[in-house]
Amino acid sequence: MIPVILSGGSGTRLWPLSRAKKPKQFLPLLNDKSMLQNTLLRLKGLPDLAAPMVICNEDHRFMVAEQLREVSNQQADIILEPVGRNTAPAIAVAALKALADNQDALLLVLAADHAIRDIPAFHRAIELATPAAQQGKLVTFGIVPSCAHTGYGYIRKAEHADAALTAEVFAVAEFCEKPDLATATSFVNSGQYYWNSGMFLFKASSLLAELQQFAPEIVHCAELALQQANSDLDFIRLNKDAFANSPSDSIDYAVMEKSANAAMVALDAGWSDVGSWDALWEVMAKDEQGNACRGDVLLEQCNNSYINAEERLVAVIGLNDVVVVETKDAVLVASKAHIQGVKNIVAKLQSYGRTEVDLHREVFRPWGKYDSVDNGTRYQVKHITVKPGAKLSVQMHHHRAEHWVVVSGSALVRNGEKEFLVTENESTFIPVGTVHSLENPGKIPLELIEVQSGSYLGEDDIIRFEDKYGRN
């Protein structure tokens, strides 16, 4: 069984924590592990698991690699999507990759950003689905609904279990789009409908056979994208032109809604897609007043609220059913009843060209991270952290000079034709137009303060001559 983790979402409904360059699957929303890491960790204990495949946005490749390294010693296949094309092309690539590796394996398709509380129940559902998948069924996991939710699609099971399989595997009668409240209420009251989780189990060959029948163009484009893929460090970079030509369809629309082999196993395991702040509040531990808090928070006469303090003390007085999220560069305050309006805020930020929609103040790079502490018309101050053994690219800037002050650790600096060590409480100056590089040769993180000055301070004022991470 190969876990296939789909990690392409942007998670805009959890702004300001989730942003395009670091969406919710890479955030520790429920505990000290990210959603992606929790997705992998909850697989422990399943028998005969192969190394996972993770399919992700090209921009997120180094975060995926680092987060996988932190929780697993398995060498995962990290497949880079050059453009987003929904779930069907991504899953087709995974199935083709498995067959190319001579494995007509079971593919356990999971989203990287879901929450599941009851891990044994999750494992039990996979065990129930396995015989059916081995016999060629395309099995989906239907979530036992806890309320008449209008934010999920629904699956109606057939009235009788599939006699050829087991008593707990049902044929799928139909897939339903997100309903209005009255329809959702009737669905739940009938006992025949389940939330559509977007999780699947099927053989690679079974999935491709159905895709070839119902969406052959997706298979064709996925084949070309994989055949013409490039190996880039530890990543598989799909061919952009071939993948971009694929229809952009969900696996439900492309196959599951049309296939006579679709089956369903019920899952009652405290599942959530954590698709909004109120959904996150629902799955978190709460105090006696129903408040879920993270960070340095003080409450007075508050009930049923979600408060997240990332950087500072946040005090909230006399509010009920609210969401307050504080980050280094943005604060969200909203009524839970109107929390879906976050997507409108994100749209406005995009229309205004605001960087807060894409980037946090703290930006992660393959070599470490930087925090933009202060900036003005002709200057910018950054706190830079370089991981042990890591090196920034050999580069040059046309419009800015840089002054580096080492706070802790040691820096191996190239400054023009010279190369030298800079240690704690020492500094160096990089003039405009000088070729330079920064490396941490030590065993502890290197921390330094960088002061940039010049007529233009954008991140695109960079000419790279050499880069160990393969960046252009």
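Let's start at R400, which is buried at a relative accessible area of 5%; buried here means under 20% relative accessible area, exposed means over 50%, and partly exposed is in between, using a 1.4 Å probe and protein chains only. Before going on, a word about what you're looking at: this is a predicted model, where local features need pLDDT of at least 70 and side-chain atom pairs count only at pLDDT 80 or more, while totals for chains, interfaces and linings use all residues. Residues are numbered from 1 along each chain as its sequence is written, and side-chain values use heavy atoms, with hydrogens and water left out.

Back to R400, which sits in strand β24 (residues 400–408). Helices (H or I, at least four residues) and strands (E, at least two) are DSSP runs, numbered from the N terminus. Which side chains make polar contacts with the side chain of R400? One is H397, at 3.3 Å, and another is E402, at 2.9 Å. A polar contact is a pair of N or O atoms within 3.5 Å; within protein, one must be able to donate a hydrogen and the other to accept it, and residues adjacent in sequence count only if both atoms are side-chain atoms. Leaving aside residues up to four places away in sequence, R400 also touches V432, Q452, S453, G454, Y456, L457, G458 and D461, where contact means heavy atoms within 4.5 Å.

Now for some helices. Take α3 (residues 87–100) and α7 (residues 216–227), which pack at an angle of about 60° with their axes 9 Å apart. That angle makes α3 oblique to α7. Axes are lines fitted to C-alpha atoms, for helices over the stretch in contact, and angles run from 0 to 180 degrees between N-to-C directions. Under 35 degrees counts as roughly parallel, over 145 as roughly antiparallel, 65 to 115 as roughly perpendicular, and the rest as oblique. On the α3 side, A88, P89, A92, V93, L96 and K97 meet I218, V219, A222, E223 and L226 of α7. Sorted by class, that contact has nine nonpolar, no polar and two charged residues. The classes work like this: Ala, Val, Leu, Ile, Met, Phe, Trp, Tyr, Cys and Pro count as nonpolar, Asp, Glu, Lys and Arg as charged, and the others, Gly among them, as polar.

Helix α6 (residues 204–214) also packs with α7, at an angle of about 120° and with axes 5 Å apart. The two are therefore oblique to each other. Here L208, L211, Q212, Q213 and F214 in α6 meet P216, I218 and V219 in α7. By class, this contact of α6 with α7 comes to six nonpolar, two polar and no charged residues.

And how do α3 and α6 sit with each other? Their axes come within 9 Å and cross at roughly 130°. That makes α3 oblique to α6. From α3, A88, I91, A92, A95, L96, A98 and L99 meet A204, S205, L207, L208 and L211 of α6. This contact of α3 with α6 has eleven nonpolar, one polar and no charged residues.

Helix α2 (residues 61–71) is worth a stop too, with R61, F62, M63, V64, Q67, L68 and V71 as its buried residues. What covers them includes α1 (35–41), β2 (53–57), β3 (77–81) and β11 (235–237).

Over in helix α5 (residues 181–190) you'll find S186. Is S186 buried or partly exposed? At 40% relative accessibility, S186 counts as partly exposed. A polar atom of its side chain lies 2.6 Å from the backbone oxygen of T183.

Most residues other than glycine have a negative phi, and most peptide bonds are trans. The peptide bond from W15 to P16 is cis, with omega near 10°, and P16 lies in the loop between β1 (2–7) and α1. V274 isn't a glycine, yet has a positive phi of about 45°. V274 belongs to the loop between β13 (271–272) and α10 (277–283), and at 0% relative accessibility counts as buried. Q301 has a positive phi as well, near 55°. Its place is the loop between β15 (297–300) and β16 (306–309), where Q301 is exposed, with a relative accessible area of 62%.
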